[in-house]
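Open the model in your viewer and keep the selection tool ready. We will go stop by stop.

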Amino acid sequence: MRVADVFGFKNPEIKALHLTWIAFFITFYVWFNMAPLASSMLKSVDWLTPDDLRLFAICNVALTIPARILVGMALDRFGPRRVFSILMVLMSIPALTFAFGDTMTQLLVSRLVLSSIGASFVVGIHMTAMWFKPRDIGFAEGFYAGWGNFGSAAAALTLPTIALQMYGGDDGWRWAIAQSAIVMALYGVYYWFAVTDGPVGTVHRKPRKATALEVSTWGDMVKLILWTIPLIGVLAILVWRIENMGYLSLTGAIIAYAVIVAIVCYQIVQILRVNLPILRKGVPEDDKYPFNSVAALNSTYFANFGAELAVVSMLPMFFEETWSLTAAAAGMVAASFAFVNLVARPMGGMVSDRMGNRRFVMLSYMFGIAVGFALMGLLNSSWPLIIAVGITVFTSFFVQGAEGATFGIIPSIKRRLTGQISGMAGAYGNVGAVVYLTIFTFVTPNQFFFIIAGGAFVSWLLCLMWLKEPESGFAEEYEVSSVDLQIEDEERARQVALGKA
């Protein structure tokens, strides 16, 4: 696939790609619609404090982690068209509630629920994988993610102007947020009718059970349990932070911890319920897949997307304090990290397509991240600002490219499990953000960069040991196993039985 192909709007797969990245763009626009309007909120609502907004920022990512897991399961069962449309319409409700909330509880709960919209990313990943062949999936996924993810930057650039110029007054920020929610709901309805789950005649490969990821061996089941625990367990860090900020009592924190433990136990039970019968029966050789590759890609997204979310939140202040810049100038300089996303992420997927070795590309990008953040750890006021910006752009290039390379591999691991694998890897990106941002509260910015570099290097080692080149990574079609055909036959028989009934 060439760059020029994205202008072929009459091609069904290109049309689906554009419709899907626009959906992702809108959801991220809504997800990040609070931060640009924070100052307006403080001026117009006299009972809000900066600490309240910091709490809302924590809530804004809290449920993204479990939501990505649940949405991944829903994708494999219902398909991305339905899931994306319903997600956009449903999430407009808490967005509108936040826009017009007049109590602390309304704002807090609505922001917490709205954080689930971060799961939209994995929906589009699945949709794109259904439209594009394995040989082209890297660039397609990278283009989708790179341009869709820009929705967060677009919100920062446009929402203040909309609030102040289009609406004005003390409630301008409310109407600006409400407008974004209404646009999202309308596009959700439009998306339902505008796109299909892959080309006409595409068979939607579904897992036998959507409640937990299927594995191929007993050892893989143990690994899946170990990799599942942090996905929910990391929420304990958020509870701890909220309690320390004084917004949650000790009793409330204990209850929250108990709920987290219960959810982890429930997930483990589901893994056992899904996989014990499969493993006892035996998994056919042609249906096995390497879970080690899934684990390796979990680590890459932890180290690249997790780092991106964490660094974007502290980079403006780092430039402002280190080089004595104004807040506006520091913000513009720091924005270079996000703007690279428009080019670097599609390029990461394209390189993965063109090189003929997706594993090598993944290793190269992760090593580049480690080097880039190690260089950023050396930055101080004695360095020329232009050099510092150059190193930042260099690092961002590898971070964004690695994200594209990660999802250039995932669809080829196991076709019918793409939604669940995408959901797990995507959730690990948020786990990384929570872990890194928590660490940042205890270290200096330079130490922080070195820690992120260390995380990228650990991920590089895991990829070196565990990541396997997908067998169908450059094929015309995805591999279909005997179990896939069996599931298809069972579904066909079920439909016939329902028709007779």
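Leaving aside its neighbours within four places in sequence, which residues is Pro-66 in contact with? Select Pro-66 and look around it: the partners are Ile-232 and Leu-235. Bear in mind that this is a predicted model.

**Stop 1: Pro-66**

Now show the helix around this proline. Pro-66 sits in α4, which covers residues 64-78. Its relative accessibility is 17%, so Pro-66 counts as buried, the cut-off being under 20%. Thr-251 and Pro-66 are 185 residues apart along the chain, and 23 Å separates their C-alpha atoms.

**Stop 2: helix α14**

Select residues 291-322. This is helix α14, with 32 residues. From first C-alpha to last, α14 reaches 43 Å, close to the expected 46 Å. Turn to Met-314. Here α14 has a kink of about 40°. The proline Pro-316 follows shortly after Met-314. Now bring back the rest of the structure. Step just past the end of α14 to Ser-324. Its phi is positive, about 55°.

**Stop 3: Ser-180**

Move to helix α10, residues 172-194, and pick out Ser-180. Is Ser-180 buried or exposed? Ser-180 has 7% relative accessibility, so it counts as buried. Then display its contacts, leaving aside neighbours within four places in sequence. Ser-180 touches Tyr-29, Val-30 and Asn-33.

Key. Residues are numbered from 1 along each chain as its sequence is written. This is a predicted model: local features need pLDDT of at least 70, side-chain atom pairs count only at pLDDT 80 or more; totals for chains, interfaces and linings use all residues. Side-chain values use heavy atoms; hydrogens and water are left out. Helices (H or I, at least four residues) and strands (E, at least two) are DSSP runs, numbered from the N terminus. Buried means under 20% relative accessible area, exposed over 50%, partly exposed in between (1.4 Å probe, protein chains only). Contact means heavy atoms within 4.5 Å. The expected span of a helix is 1.5 Å times one less than its number of residues. The bend at a residue is the angle between axes fitted to the seven residues ending there and the seven starting there.
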